[in-house]
Amino acid sequence: MEAIGAALGLGPDDLVAVGLSLRVAAVATLASLPLAVLTALALARGRFPGKTLLDGLVHLPLVLPPVVTGYLLLVAFGRRGLLGPALESCCGLTFSFRWTGAALAAAVMGFPLMVRAIRLSIEAVDRRLEDAAETLGASRIGAFFAVTLPLSLPGVLAGATLGFAKALGEFGATITFVSSIPGETRTLPAAIYALTQTPGGDAAAGRLVLVAVALSLAALIASELLARRLSSRIAA
């Protein structure tokens, strides 16, 4: 990592920001993916009162200003928030001014993109295949894991990639919720912003921008290749 950073002209603080962004994005994606699958399944297959409201709440972070989302997270999960003290006392989870808070903000902002991609993939699965599995004795949950989930894996992968890419680029909600603390919550976007506000920092900011573009592009290309491979296996 240090050798790559030296080749790109990145300093120790820059490498810390890059590593922290990758950590935050990975944790945010892995932690929110199971809930995204369940939510997408409920929206794609479920019939229940309040479905439209749930759909609206899921997609709310896409239309709210990120600063508003960050403020709501602060109100809910801050040290003096509605849930923050209880989570800290019972589970030892602290979000305020910690990298875990950055991961929470990134997960919330990326969640709608994950749900939408997974929902479209589930809706594309022929319901007759699920009905056939249930006719053969599978439960509804068993039919989901045996039929629906394997057939919708490309969409799940696409959703996870979109969530990861969004988490890498998340800035507004994160800086509002957990500020920009070097080594703790200063992710790649926050580091770029700090450098643009520093005299003579434009060159270093430009190098970090190239790193951000390269990471996001690599994630999208890897997702496309894996999705094609999964689709070909499913078709075979």
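This is a predicted model: local features need pLDDT of at least 70, side-chain atom pairs count only at pLDDT 80 or more; totals for chains, interfaces and linings use all residues.
The interior is considered first. In soluble globular proteins, nonpolar side chains tend to be buried together. Here the largest nonpolar core has 23 residues, of which Val 24, Leu 73, Phe 77, Leu 104 and Phe 177 touch the most other members. Two or more residues of this core come from each of helix 2 (12–45), helix 4, helix 6 (99–123), helix 9 (153–169) and helix 10 (172–178). Helix 6 supplies the largest share, eight residues. Beyond its neighbours within four places in sequence, Val 24 is in contact with Trp 99, Ala 102, Ala 103, Ala 106 and Thr 187. Another core, of 13 residues, lies apart from the largest one and includes Ala 40, Leu 43, Val 115 and Phe 144.

A patch with about 640 Å² of accessible area together is formed by Val 68, Tyr 71, Leu 72, Leu 74, Val 75, Leu 82 and Leu 83. Leu 74 belongs to helix 4 (residues 66–77) and counts as partly exposed because its relative accessibility is 32%.

The structure also holds six salt bridges. In one of them, Asp 55 pairs with Arg 119, their closest N and O atoms being 3.4 Å apart. This pair links helix 3 (residues 51–63), which holds Asp 55, to helix 6, which holds Arg 119, across 64 residues. Another salt bridge joins Arg 98 and Glu 184, with the closest N and O atoms 3.5 Å apart. Arg 98 lies in the loop between helix 5 (84–91) and helix 6, and Glu 184 in the loop between helix 10 and helix 11 (188–196), so this pair ties together parts 86 residues apart in sequence. Through shared partners, salt bridges join Asp 55, Arg 119 and Glu 123 into one network.

Methods: Residues are numbered from 1 along each chain as its sequence is written. Side-chain values use heavy atoms; hydrogens and water are left out. Patches are made of residues with over 30% relative accessible area and no salt bridge: like charges are joined within 9 Å, nonpolar side chains (Val, Leu, Ile, Met, Phe, Trp, Tyr) within 5 Å. Accessible areas come from the Shrake-Rupley method with a 1.4 Å probe; for residues, only the protein chains shown count as cover. A salt bridge is a side-chain nitrogen of Lys or Arg within 4 Å of a carboxyl oxygen of Asp or Glu. Helices (H or I, at least four residues) and strands (E, at least two) are DSSP runs, numbered from the N terminus. Buried means under 20% relative accessible area, exposed over 50%, partly exposed in between (1.4 Å probe, protein chains only). A nonpolar core is a set of buried Ala, Val, Leu, Ile, Met, Phe, Trp, Tyr and Cys residues joined through side-chain atoms within 4.5 Å. Contact means heavy atoms within 4.5 Å.
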